[in-house]
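Work through these exercises with the model open beside you. Try each task before you read its solution.

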Amino acid sequence: MQKGRKLHLNIGEKNMQLPIEFRWLKAHGFKLLTPWYFIEESESGDFRREYKRETGKDIFPIARRQDNDDIAGFEIRGTSISSKVITAHLTWSGRKEMNGFPIIRESKDIFEWFIEVVIAQTREWIDEDEIKEIQDESQ
């Protein structure tokens, strides 16, 4: 995300602002931890459309897990984006799913999501090979 870029969204005819916690993290250059990564607004359309098809609800996707179909996004209620983060394992069926699918987890805000989802899953990825890859990429 470019420095100074405003995090306001024009979704249809709605002008919505992303939660301040998310904007604060992005302003500080925060990038998430493996296996999760933030996605750019330009990448979010397919995830948003599929979530709507499968659930009949709406989110603004902000992150995805690199090794499966898990996405995370802020719940959209009416004409505003809430602080609630929805984590969903999409089925990519292209249609409304039966009860219990897609698998969804709700977090009250991005910090709860980070602690309960991202940190918990990052622990599974910590090993010497991962450290070496990260160090090699930064050189």
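A polar contact is a pair of N or O atoms within 3.5 Å; within protein, one must be able to donate a hydrogen and the other to accept it, and residues adjacent in sequence count only if both atoms are side-chain atoms. This is a predicted model: local features need pLDDT of at least 70, side-chain atom pairs count only at pLDDT 80 or more, while totals for chains, interfaces and linings use all residues. Residues are numbered from 1 along each chain as its sequence is written, and side-chain values use heavy atoms, with hydrogens and water left out.

**Exercise 1.** Find the backbone nitrogen that the side chain of Asp109 reaches.

Solution. 
- Start in the loop between β7 and α3 (110–122), where Asp109 lies. Helices (H or I, at least four residues) and strands (E, at least two) are DSSP runs, numbered from the N terminus.
- The side chain of Asp109 reaches the backbone nitrogen of Glu112 at 2.8 Å.
- Now check for a salt bridge (a side-chain nitrogen of Lys or Arg within 4 Å of a carboxyl oxygen of Asp or Glu). Asp109 is buried but has none. Buried means under 20% relative accessible area, exposed over 50%, partly exposed in between (1.4 Å probe, protein chains only).
- Lys108 has the nearest side chain of opposite charge, 4.8 Å away. Lys and Arg count as positive, Asp and Glu as negative; His and the chain ends are not counted.

**Exercise 2.** Which is buried and which is partly exposed: Leu32 or Trp92?

Solution. 
- Most residues other than glycine have a negative phi.
- Leu32 is not a glycine, yet its phi is positive, about 80°. Leu32 lies in the loop between α1 and β3.
- Leu32 counts as buried because its relative accessible area is 11%.
- Trp92 is not a glycine either, and its phi is positive, about 60°. Trp92 is in the loop between β6 and β7.
- Trp92 counts as partly exposed because its relative accessible area is 36%.
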